[in-house]
Amino acid sequence: MRYELLVGLRYTRSRKRAQGRNRFISFISLVSMLGTGLGVAALIVVLSVMNGFQEELRTRILGVASHIQISGPGGELESWQQVADVASRHPDVRAAAPYVQEQAMLSFEQAVRGTLVRGVLPDAEEKVADFARHMRAGSFGALQPGRFGIILGRDLAFALRVQVGDKVTLIAPQGLVTPAAVLPRVKQFDVVGIFEAGMYEYDSGLALVHMQDAQVLYRLDERVSGVRLKLDDLFAAPRVARELVGSMEADLAVTDWTRSHANFFRAVALEKTMMTIILFLIVAVAAFNIVSTLVMAVQEKYADIAILRTLGASPGSIMGIFVLQGAIIGLVGLAGGVIGGLLLANNLDVIIPALEALTGATLWNKEIYYISELPSKVLTSDVVTIVSVSFVLTVVATLYPSWRASRVNPAEALRYE
């Protein structure tokens, strides 16, 4: 073992016979290790939650929404088959499905809720969305034309206190004009299913009916609201949307998921960036605690440094001893932080419910965060970046006190020894 490493290790670890200032320096070293470890662990956990939240949000949104949506002027599209055929010719388009989307009120007994009604063709809709996978009661195929069946989101069904088999009253805002007054159109629907997408926005405010029933209710004849597309690669949606614009009629609107839900993903990306910066500042504070540790160590070891210099140690070797001491402190803290962060990030599904049961507080509210569970996804690239930047900060923090140690004058240090 090189003597620089040997001396650096001896200076770092606490010995039983160490007393007074030596023990205090060892305590400061321990605090620096813990601070670095906690900062790294917090970074790993927060970035993992951000990654999981972003992916989960995208998956749940696109499981109910669509990669690309083509709509007509005024929310009505004629000859949707022609539009679907043109879009399906694009090599990146996997499937196309028409839809009708309108507002309505649902009532059952004394409960009333506003909702978004989407008319779909079950066979075509299964190719562009994942409703069949999210069914909690009933079946998606139970939507049959002319039977006026309806499938409700779980939270919407809970708010109305309905179950499969109940009849709900749907009130359409478009009214019937009579000599006496304008009367709303009212129709009873049988609840044939309940779905749970895991995203509160849809679970509490979306109802599905057969497209032909929606066309009859809203007097659209053969018109629809638009066509939904599913792509082979969801990240190619902006490019495919631009290419489809050139092949469609000028009055058609082509919107991809990155535009229709841009606020969600921009907010998550911005929050992730800001949290990364803030937590790196915590790591930096912990790393620069090493400065005080090494400054005190240099002051304490003046005589040792002078003796090493008289034995022939170069200034570079002296500097290397204290750089190694600071690096060891940082590496131990980093190792503990990485292990702790990975354990926490991979077990949040157990830790969060345990904390909620222990404290009685709701730590994850799906009405606020849009999804029902706290997600977590650890990316190797994030862990490597965190460890690399944190280690660089640790090494930078050792340079000044190590340089001061290398400048110690042996004659001055040993004058009163």
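**Salt bridges and burial**

Glutamate 243 and arginine 239 both belong to helix H8 (residues 237-247), where they stand four residues apart, about one turn of the helix; helices (H or I, at least four residues) and strands (E, at least two) are DSSP runs, numbered from the N terminus. This is a predicted model in which local features need pLDDT of at least 70 and side-chain atom pairs count only at pLDDT 80 or more, while totals for chains, interfaces and linings use all residues. Residues are numbered from 1 along each chain as its sequence is written, and side-chain values use heavy atoms, with hydrogens and water left out.

Salt bridges
- The whole structure holds 10 salt bridges, each a side-chain nitrogen of Lys or Arg within 4 Å of a carboxyl oxygen of Asp or Glu.
- Glutamate 243 pairs in this way with arginine 239, their closest N and O atoms being 3.2 Å apart.
- Lysine 167 and aspartate 190 form a salt bridge (2.5 Å, N to O), which links strand E6 (residues 167-177) to strand E7 (residues 182-195) across 23 residues.

Accessibility
- Of the 417 residues of the protein, 46% count as buried, meaning under 20% relative accessible area, with exposed over 50% and partly exposed in between (1.4 Å probe, protein chains only).
- Glutamate 243 is partly exposed because its relative accessible area is 40%, and arginine 239 is partly exposed at 35%.
- Threonine 276, in helix H10 (residues 262-300), counts as buried because its relative accessibility is 17%.
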